[in-house]
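Dear colleague,

I am passing on the structure we spoke about, with some notes on what turned up in it. Please have the sequence and the model open while you read.

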Amino acid sequence: MATDAPPPEGGPDTSPAGPTTEQFVEVQESAEFGELRRAHRSFAFPLTIAFIAWYLLYVLMSNYAGGFMGTKVVGNINVALVFGLGQFLTTFLIAWFYSRHAATKLDPKAAAIKSRLEAGE
């Protein structure tokens, strides 16, 4: 698609200079950034481990406890179906819970670090 706009001028770059490598390293080594990482890891790692354990329980029960998983709960709904739907439910719950955690605990800290880095402090 052709346009009638002229090409951009080839003048000097007027965009502001970004943070230097030294500034990034300084921020990475700061206590505030360490606290941000700690807040993320203390939430993400335990939930990841719990969800993987829950998923493996479902897979192992499906393979080795077929009788139990085939137990009818209500009508044609059996334990395996309840476990399977529980996988979807926990996935959405974890995503929702993480978004709340990030919005209240992580994002404000990250925004403060970012604003100081962009300001050149």
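Which helix holds both Glu118 and Lys114, and how many residues apart do they lie? Both lie in helix α4, 4 residues apart, which is about one turn of the helix. Glu118 forms a salt bridge with Lys114, the closest N and O atoms being 3.9 Å apart, where a salt bridge is a side-chain nitrogen of Lys or Arg within 4 Å of a carboxyl oxygen of Asp or Glu. Glu118 is exposed because its relative accessible area is 58%; here buried means under 20% relative accessible area, exposed means over 50%, and partly exposed lies in between, with a 1.4 Å probe and protein chains only.

Before going further, please note that this is a predicted model, in which local features need pLDDT of at least 70 and side-chain atom pairs count only at pLDDT 80 or more, whereas totals for chains, interfaces and linings use all residues. Residues are numbered from 1 along each chain as its sequence is written, and side-chain values use heavy atoms, with hydrogens and water left out.

Overall layout

The secondary structure of the chain comes to 4 helices and 2 strands, and from the N terminus on the elements run α-α-α-β-β-α. Helices (H or I, at least four residues) and strands (E, at least two) are DSSP runs, numbered from the N terminus. Of the 121 residues of the chain, 14% count as buried.

The pairing of α2 and α4

Helix α2, residues 31-64, packs with α4 at an angle of about 175°, and their axes are 10 Å apart; such axes are lines fitted to C-alpha atoms, for helices over the stretch in contact, and angles run from 0 to 180 degrees between N-to-C directions. That angle makes α2 roughly antiparallel to α4, since angles under 35 degrees count as roughly parallel, over 145 as roughly antiparallel, 65 to 115 as roughly perpendicular and the rest as oblique. Sorted by class, the contact of α2 with α4 has 19 nonpolar, 7 polar and 4 charged residues, with Ala, Val, Leu, Ile, Met, Phe, Trp, Tyr, Cys and Pro taken as nonpolar, Asp, Glu, Lys and Arg as charged, and the others, Gly among them, as polar.

Gly84 is found in helix α4 and counts as buried because its relative accessibility is 13%, and its C-alpha atom is separated by 9.6 Å from that of Val59, 25 residues apart along the chain. The C-alpha atoms of Arg38 and Leu106, 68 residues apart along the chain, are separated by 10.0 Å.

Salt bridges

The structure holds 4 salt bridges. In one of them the side chains of Glu32 and Arg116 meet at 2.1 Å, N to O; Glu32 lies in helix α2 and Arg116 in helix α4, so the pair ties together parts that are 84 residues apart in sequence. Glu32 is partly exposed, with a relative accessible area of 32%, and Arg116 counts as partly exposed at 32% relative accessibility.

Another salt bridge joins the side chains of Lys109 and Glu35 (3.4 Å, N to O), and because Lys109 lies in helix α4 and Glu35 in helix α2, this pair ties together parts that are 74 residues apart in sequence. Lys109 is partly exposed at 26% relative accessibility, as is Glu35 with a relative accessible area of 34%. Arg38 lies in helix α2 and counts as partly exposed at 48% relative accessibility. Salt bridges that share partners join Glu35, Arg38 and Lys109 into one network.

The nonpolar patch

Val73, Val74, Ile77, Leu81, Val82, Leu85, Phe88 and Phe92 make a nonpolar surface patch of about 790 Å². Patches are made of residues with over 30% relative accessible area and no salt bridge, like charges being joined within 9 Å and nonpolar side chains (Val, Leu, Ile, Met, Phe, Trp, Tyr) within 5 Å, and accessible areas come from the Shrake-Rupley method with a 1.4 Å probe, only the protein chains shown counting as cover for residues. β1 (72-74) and α4 (79-119) each supply at least two residues of the patch, and the largest share, 5 residues, comes from α4. Phe92 is found in helix α4 and counts as exposed, at 58% relative accessibility.

With best wishes
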